[in-house]
Amino acid sequence: MKMIKNKVYLAVGAVSIGLLGAVSLWARPPFTDAQLANQQQELLEVVNKGRDLWHGSNPDMSTNGLACGNCHPDAAASNPQTFPKWVSEIGSVAPLRDMINWCIVHPMDGKALDVNSADMVALEAYAFYLYRGQSIQPGLAMPTPPDPVKSGVGFPHKPSGIGVDK
Amino acid sequence: MSDANELTRRRFLGLAGQAGLATFAVSAIGVNTGLVEVLSAETKNGVQPFRFGIITDSHLFSIDNHKFDKSLADAVKQVNALTPAVDFVMYTGDIAQNGREDQLVKGKKILSGLKAPLKVIPGEHDWYLDMGKVWNGLFGKETWSFDHKGVHFIGLNSILVRDFWTGAGMTPLERMSTMEMLESPIAGPWGVRDAQLEFLRKDVKKLSASTPVVIFTHSPLWDYYPRWNFQTEDAPEIREILSKFDHVTALHGHVHQTIYNKIGNLSSAGALSTSWPWPYPPVKLEYPGSQMNQSDPANTKDGMGSQSVSIDAGGATATYEPFANSLTPFLKDGLKV
């Protein structure tokens, strides 16, 4: 009886796989190449805005002249891929945006951003973009480097405008 | 990290623990081979034991009672309180954040509280608003050398870049802002350039190989992390000019962190800033033991401080004087440089 059941399952499985294959042949990709390129461009514009904010473009974020980039060049030691995690300064498990606001309020002595504001999205986009390709490790305490810029290579021939070499 | 490096590091740290003296450990693995002998010999020729202080990277803003003003004043107090007292204090660049006159004047005023004479070289934050005009007016020449108790000291301006502003039509303020951003890809690499290389050649020409030499620059004289200008483009030429000496001690600012390296006869140590610590860049280090603890952002003093350097028959020992408890046990006894 058990063997017959298994055979039935196998048959059902085979049919299902066949159907999935057929569907994927018929389906169109959800976006055209032009649309994908446009979406990426939209992202990079937000990343670029985040880079400017990271380096002091919003004066409300600081009253003592400090910007995120003073202590976190290339978003170093911001480790966005380790959030949410326990943040001692906040006293709870918190997402990156709460840590960003903690830095704005304390070391930078500025006014916290609305966590849903376009500026906060841009700051997060910048940090996450520089750490793209890193595995997501919520809670990891050890710092990991941002998207590595090779030591010894020096500077890009053309400024990318987003603080990365490639 | 390779097994061999790991073994070296463990042996390094193990010896440091056993001896209770990091300085002994460094000598034991040959980091500073020959230095002890050199300075012992020189003692006979007039090298007398002494100590000097290093303060660096205060990044003062044009804001009254800014927290960095207090940090610099704390460093001055710290260095003044050292026993035995220092013969002079070296400032290795970046008094100002935006190169403004009021920032440089404020820095000079706070540093005037030092009991010992002050020697200064510029950093990029001091320089690019007016290309060093105010800095030179306040602190004199940026390229110099002097002899003290048998040791030859050299200061160079290592933050000179190629002209990126004229072609781009930048204002002085735009030029300064570009230089202020550590990871800006626009400005390109720093260096001391031809005139200072020529100064250096002439300066050391008549010195004997056994003369202890200490050289100060804002940026390190080795290729640490070029993207953040943790390097000096013409450092290979500098090392070549200084290669005739048995040993050269290179001390630098800019990196805002403890760091040690050795290339040939030149050993280098970076300095703690009085403003903020920088994370270690993603670089595999030859001497990873020279890294301090990761800084706690909630402690406004963590990862900052001043340093002192003792020179005696045993060589040069750079000791970090942190404001908070930032040092690993390994770093607490200082680095032989």
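**Close-up 1. Where helix 2 of chain A meets helix 5 of chain A.** In this predicted model, the helix 2 side of the contact is built from Leu43(A), Val46(A), Val47(A), Lys49(A), Gly50(A), Arg51(A), Leu53(A) and Trp54(A). Facing them from helix 5 are Asp119(A), Val121(A), Ala122(A), Leu123(A), Ala125(A), Tyr126(A) and Tyr129(A). Helix 2 spans residues 33–54 and helix 5 spans residues 118–130, and the two pack at about 100 degrees with their axes 7 Å apart. Angles from 65 to 115 degrees count as roughly perpendicular, so that's the label for helix 2 and helix 5 of chain A.

**Close-up 2. Helix 4 of chain A packing against helix 5 of chain A.** What angle do helix 4 and helix 5 of chain A make? It's about 105 degrees, and their axes are 10 Å apart. Helix 4 and helix 5 of chain A are therefore roughly perpendicular as well. Helix 4 puts Leu96(A), Arg97(A) and Ile100(A) into the contact, while helix 5 brings Met120(A), Leu123(A), Glu124(A) and Ala127(A). That set divides into 5 nonpolar, no polar and 2 charged residues. Leu123(A) turns up here, and it is also on the list for the contact with helix 2 of chain A.

**Close-up 3. Chain A, with an eye on confidence.** Chain A has 5 helices and 2 strands, running α-α-α-β-β-α-α along the sequence. Its mean pLDDT is 80, with 70% of the residues at 70 or more. Looking at contacts between residues at least 6 apart in sequence, 61% join residues at least 24 apart.

**Close-up 4. An open sheet of 6 strands in chain B.** The strand order is 3-2-1-10-11-12, and the pairing is mixed. Strand 3 (118–120) and strand 12 (335–336) of chain B are the edge strands: each has a single partner strand, so one side of each is left without a neighbour in the sheet. Strand 2 (residues 89–91) of chain B pairs with strand 3 in the parallel sense, over 3 bridges. Met90(B) is opposite Lys119(B) of strand 3. Helix 4 (residues 67–80) of chain B packs on the sheet, where it touches strand 1 (50–55), strand 2, strand 10 (305–312) and strand 11 (315–322). The direction of this helix makes about 25 degrees with that of strand 10 of chain B.

**Close-up 5. Tyr225(B) in its loop.** Tyr225(B) lies between strand 6 (213–217) and helix 10 (235–241) of chain B. It has 19 C-beta neighbours inside 10 Å and therefore counts as partly exposed, since buried takes 20 or more. As for the rest of the chain, chain B has 10 helices and 12 strands, and 52% of its 337 residues count as buried. Among contacts in chain B with a separation of 6 or more, 72% come from residues 24 or more positions apart.

Definitions and conventions: Residues numbered from 1 in each chain as written. Chains lettered and ligands numbered in written order. Predicted model: local features only at pLDDT ≥ 70, side-chain atom pairs only at ≥ 80, totals over all residues. pLDDT = per-residue confidence, 0-100. Axes fitted to C-alpha atoms, helices over the stretch in contact; angles between N-to-C directions. Helix = DSSP H or I, 4+ residues; strand = E, 2+ residues; numbered from the N terminus. Parallel < 35°, antiparallel > 145°, perpendicular 65-115°, else oblique. Contact = placed C-beta atoms within 7 Å. Pairing = 2+ DSSP bridges. Buried ≥ 20, exposed ≤ 12 C-beta atoms within 10 Å, placed from the backbone. Nonpolar A, V, L, I, M, F, W, Y, C, P; charged D, E, K, R; others polar.
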